[in-house]
Amino acid sequence: MKRDVRILLLGEAQVGKTSLIMALVGEEFPDEVPARAEEITIPADVTPEKVPTHIVDFSEVEQTEDELRDEIAKANVVCVVYDVTDLHTIEKISSKWIPMVNGNAERNSRLPIILVGNKSDLQSGSSMESILPIMNQFSEIETCVECSAKNLKNISEVFYYAQKAVLHPTAPLYDPEEKQLRPQCRKALTRIFTISDQDNNQILSDDELNYFQQSCFGNPLAPQALEDVKMVVKKNTADGVRDNGLTLNGFLFLNTLFIQRGRHETTWTILRRFGYDDSLELTDDYLYPPLRVPHDSSTELNHFGYQFLQKTFEKHDLDGDGALSPSELQSFFSVFPYTPWGPELQSTVCVWQRTACCLCMDTCASGRELNNHLIIYYVLLLVSCSDSHLCAAVPSPRLAIPRIRLSTSKQPKIQLDGLYIILPGCRGISRVAVTWCGNTW
Ligand SMILES: Nc1nc2c(ncn2[C@@H]2O[C@H](COP(=O)(O)OP(=O)(O)OP(=O)(O)O)[C@@H](O)[C@H]2O)c(=O)[nH]1
Ligand SMILES: [Mg+2]
């Protein structure tokens, strides 16, 4: 999430840009204003989203076109202000201001725009009739707010929506032209669904939904709210609810609905909870949780680590034969951000298939068992990717301790050497593979 927000106000002369800024800051309508307000920084603690916010005014009299372009390049969001009583200022939104802001930008890198209809105190109706066609034409318009600097009406809302457009952007999540989630967002939500579907039956039961809700939002859903959610999904999708639980399609529909109703922050909270950044990539902090291994120490799984691996293994061992078939293996790693092995490791896969249980941590590193250790390594890699989710998601403080126990034994365990290269992150991968397989991958 962005650490600060820069809002630029543009629009025709005399629409009330400077008055809006002064009214926000002074909490009263200024009778007289300069052509251009000084740049204002609102401290984090008084903004709704708790992020420092810079507000920048524009004046055609005081600034050149080059200066204007510089300001557009620095802005995170643009408020295009118009006068609700002056049609000319509305026409200029599409003929001048939006092309100036986003005319040369690629579809995915356009600045979000908030339309601000000022001077609502002067008219009894609404300007929405003229504004709607413009909103339909430009998908980068996040929303439109009518306000009055004079009556102090909706002023803080203008800046709140602008802030929200930056902190919880629509563009990476939703394609307004296609009216559907973008593929990358769909992929991320599918991964989140798979992780949350603890018994791997392709349905989020009430318990799983509550666990998910608790880990994302800090509190469970009230029983009635849970039923209401399922009811909405059932009404709108053919296959969103099955066996009284939410299917993947239901889960995706629910998130689409949040976004279509302007509640992007809900979907963003879910995505960030599962480690995604603003470009919907998994962050390094999530993928590589820090692990300090003192000198002369080795690492091994603690009881909870074993339990987690066992549970994850069983979750994907659909036929319960104690081994992961290629398709079960694929399912095992489906929540993984990349495929952890290539075709040259077929031999390892074969060993896996023949291995009833691969959690043999304490055996010696004989030639026969090296491959098993490699498998454990992969599993740990998976843990390091999904673990930060799991640790924080588990309410019990006992379970929230790091699942890797550090042993202070002076004699590092040879067979575990590979493990502590890997555990702080995935960076030791090729070295281990080279050592054990004689192959780089
Ligand atoms: N009735 C009414 N008048 C307003 C409102 N906001 C601004 N005005 C008046 O509109 C005029 C222009 O306001 P400014 O704030 O200077 O407008 P601006 O967009 O900054 O204009 P430039 O600096 O020339 O680009 C002033 O006379 C304000 O008093 C409003 O909400 N209602
Ligand atoms: Mg001005």
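A polar contact here is a pair of N or O atoms within 3.5 Å; within protein, one must be able to donate a hydrogen and the other to accept it, and residues adjacent in sequence count only if both atoms are side-chain atoms.

## About the model

This is a predicted model, in which local features need pLDDT of at least 70 and side-chain atom pairs count only at pLDDT 80 or more, while totals for chains, interfaces and linings use all residues. Residues are numbered from 1 along each chain as its sequence is written, chains are lettered from A and ligands numbered from 1 in the order in which they are written, and side-chain values use heavy atoms, without hydrogens and water.

## Around ligand 1

Let's start with the polar contacts. Backbone polar atoms of A35 and Q14 each lie 2.9 Å from an oxygen atom of ligand 1. On the side-chain part, an N or O atom of D121 is 2.8 Å from a nitrogen atom of the ligand. Of the 640 Å² of accessible area (Shrake-Rupley method, 1.4 Å probe) that ligand 1 has on its own, the protein covers 84%.

The shell holds 18 residues, each with a heavy atom within 4 Å of the ligand. Q14, K17, T18, S19 and D121 are the closest. Helix α1 (residues 17-26; a DSSP run of H or I, at least four residues) gives the most to this shell, three residues.

## Between the domains

Now to the largest pocket, where 43 residues form the lining, each with an atom within 4 Å of a grid point; a pocket is an open set of points on a 1 Å grid over the protein atoms alone, where a 1.4 Å probe fits, with protein on both sides within 12 Å along at least five of seven lines. S139, E140, E142, T170 and A171 lie nearest its centre. Domain 1 (5-167) and domain 2 (180-279), with bounds from an automatic or database domain assignment, both contribute to the lining, so the pocket lies between them.

How values were computed:
Helices (H or I, at least four residues) and strands (E, at least two) are DSSP runs, numbered from the N terminus.
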